[in-house]
2 protein chains.
Amino acid sequence: KRKKLLTPDAYVEGILNGNITTLSQAVTLVESAKKEHQEIAQEIITKCLPYSGKSLRIGITGVPGVGKSTFIESMGKYITKRGGKLAVLAIDPSSERSKGSILGDKTRMEELSSDPNAYIRPSPSAGSLGGVARKTRETIVLCEAAGFDTIFIETVGVGQSETMVHSMVDFFLLLMLAGAGDELQGIKRGIMEMADAITINKADGNNIEKAEMARVQYKNALHLFPPTDSGWNPKVLTCSAFHHIGIDKIWDTIQGYVDLVKKNGYFQHKRNEQSKFWMYETINDRLKSDFYQNDALKTMTKGFEQKVLGEEMSSFVAARELLDFYYQSQKNNK
Amino acid sequence: KRKKLLTPDAYVEGILNGNITTLSQAVTLVESAKKEHQEIAQEIITKCLPYSGKSLRIGITGVPGVGKSTFIESMGKYITKRGGKLAVLAIDPSSERSKGSILGDKTRMEELSSDPNAYIRPSPSAGSLGGVARKTRETIVLCEAAGFDTIFIETVGVGQSETMVHSMVDFFLLLMLAGAGDELQGIKRGIMEMADAITINKADGNNIEKAEMARVQYKNALHLFPPTDSGWNPKVLTCSAFHHIGIDKIWDTIQGYVDLVKKNGYFQHKRNEQSKFWMYETINDRLKSDFYQNDALKTMTKGFEQKVLGEEMSSFVAARELLDFYYQSQKNNK
C-alpha cells in the first residue's frame, strides 16, 4: 500500500525544519506526473518561495570522462567542510542518461553521499528536456527553503541541457581536459561561450604541463569572444579533482564573480530575467505540447512534413493549414 | 487609385520569365499584411516552389562600419561579371534599422543597383523578427523562380537575426575588422560559431599586417571550437572590398564548401532541415502570437510577471493560471 500523503503545510514545515526525508518526499511530488501530486507540489513551492533564493546556484557541465563526479565530490567536500550546505541536482533527461551522467550512480560520490550537509538528488528520469528542467528548477526552491546555501546543477554537456541549466544558475562552470581537439568532440558549439569559468581537470602528474598549455590556449580563445553581459571576464583554471588540487582557487573564482555581479547589479538582474524566462518558457512549452500532442494533428503534421520535404507544399502553407485545423478542432471539442 | 492586382498565374508567368517588375510586385504582396494579398502571395509561392531551390544562398553579417555595403557591391559585381544573377535581400526588422543596415540605402551600392543581373530588395520594414524573416524566406523562393542563381541575405550582426539568416542560407559569412577587441563589441556571442568563413575586411595599406595577425588569431580560436556538422573547417580570410582584393579567394572558398557538402550530402540535409524548421517555426510562432496578442491576457500577463518578480508567485503557477484563462477565453469566444 502506498504511503499516505501529508498536507501541503506539513511538507512545508518539514522542509523549513531541514528534514531531508520530507524534502525528498516533496521533490518526488514535484517530479510526479499525477495531477493530485502536482497540485500539492505547486502549493508547497508557492509556500516555500519566500524562503528561497538565498543560495548560490552553480551549473557544472562537461562530457563523460572529464571527471565530473570526482570534481563534484571534491568541490562538495570543500564546501561542506567550510560549513556550507550543498544540494546536488541534475538535468539529465533519460534519453541522455546513457551518455554518462553521474547522478544515477551515487556510489561514485561516496563521501558526499554520506555527508549530512550534502543532499544528492538524481535527475527526474522521465519527460521532455523542458519538463525535466522545469522540475529541477522547482526543486531548487525546495532545497533552498530547506537551508541549502549552495546548489550544484549537473548536466552532461552533450545536448541542449546546458541552455536550460544556464537559465537557472548564477555561475556556469565548464570542465574540460587537456589536449584540445579530440576532447572537444562532445562539447556542443556555443557552450564554451556560456561558461563563466573553464576548468581543465586532471592537471596532475605528467599531465600538468599539457593542462597549463591548454589553459593558455583557452584563455587566448576566450579573449577573442565578445564581452559578457555580466562584465565578468571568464576565467580558465586547472585542477586535479582527484588530488584535491586547485579546488580552492575555483571556489575563490566563483566568489570573485559573485562579489562583482552583486556589486554591479547583474546578479539580481539575471535572477529576475530567469524568473521571467521560466514563466514564459512554461507558457510557450505548453502551447506547443498541446498542439503537438493532439492525436488527429500528429498524423496530419507528419504528412505535411513529407509534402514540404518533397517541395509539393511551402513550409508556410503547411503551417497555416495545420493551425487552421487545430483551432477548428479545439472549437469542436469544447 | 491603387493599381489593380494581377491573377496569381499572371504573377507566376512574369516571375518565370524573369520580369523584375512583376517579381517586385509579387514581393510586395508577400510583405503585405492584408489578407487578400497574403492569399495571392501564398498561391504564387506554391506555384513557384517547383522552380525554386537551385540557387546558392549566402548569409552575410557584420557590425555597422565593417564595410558590408562595399563588400556586397564588390562581391556582387564579381559574381555578375562571371555571368551570375544575384539577388540581395535583407533581414532587418525596423527596430534594428537605425543600427546601420545598408539596404535602406541603395545609393551605397551604386554599381550593383544599376546592374541588370542584380536585384536588390530592402528588408520588409514592419513586424516581428520572425515575421520579417519569414517574408524574406518566402522572397527567396520567388527570386529563385525568377532565375537568380545566387542570393545574398544581409543582416546587421547585432541581434538575433543571425539565427534566422542561418536557418535559410547554405553558407554563412561573417565580416570582421582587424584589431580584435573593441570591434567585437557589437558581435553577439555565438555568432562566430555559426560562421562558415570569417573575412577580415579593409586589409589594405597600413592595415595589411594587422589584418593578417587578426586572421591567424581567429584561425587559432576557431581551431578550438568543436567540429561543425557539415564536416567543413571554417576558414578565416582577409580582403579589401574597396580595392577588390581577395574577393576571388572568398568566392573560391564558398565554392570549396559547396563542393564538399554536396558530396557528403550535408547540403541537401541542411536544406531539408531548414524546410522543416520553417514549418515548425511558423506554427510555434503563431501559437505564441495568438496567446500574447490576446487583449485580456496582456494586462493579466504583465501583472503576473510583477508577482513573479516580487516572489509572490512561482513562475510555474503564473504560467498555469494564464494558460487556463487563455483556453477558457478561447472556448467562450468561439
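**View 1. The buried area between the two chains.** About 6,100 Å² is buried between chain B and chain A, and carbon and sulfur atoms give 65% of this area; buried area here is the accessible area (1.4 Å probe) that two parts lose on being put together, summed over both. The contact, counted where heavy atoms lie within 4.5 Å, takes 62 residues from chain B and 62 residues from chain A. This is a predicted model, in which local features need pLDDT of at least 70 and side-chain atom pairs count only at pLDDT 80 or more, whereas totals for chains, interfaces and linings use all residues. Residues are numbered from 1 along each chain as its sequence is written, chains are lettered from A in the order in which they are written, and side-chain values use heavy atoms, with hydrogens and water left out.

**View 2. Salt bridges at the interface and within chain A.** Four salt bridges are found across the interface of chain B and chain A, each being a side-chain nitrogen of Lys or Arg within 4 Å of a carboxyl oxygen of Asp or Glu. In one salt bridge between the chains, Glu305(A) pairs with Lys276(B), and their closest N and O atoms are 3.8 Å apart. Within chain A, Glu273(A) forms a salt bridge with Lys276(A), with the closest N and O atoms 3.6 Å apart; both residues belong to helix α12 (residues 266-292) of chain A, where they lie three residues apart, about one turn of the helix. Helices are DSSP runs (H or I, at least four residues), numbered from the N terminus.

**View 3. The two copies about their axis.**

**View 4. Confidence along chain A.** The pLDDT, which is the predictor's confidence in each residue from 0 to 100, averages 87 in chain A, and 88% of the residues score at least 70. Over residues 94-104 of chain A the pLDDT is below 50, although this stretch has 29 contacts in the model beyond near neighbours in sequence.

Methods:
Helices (H or I, at least four residues) and strands (E, at least two) are DSSP runs, numbered from the N terminus.
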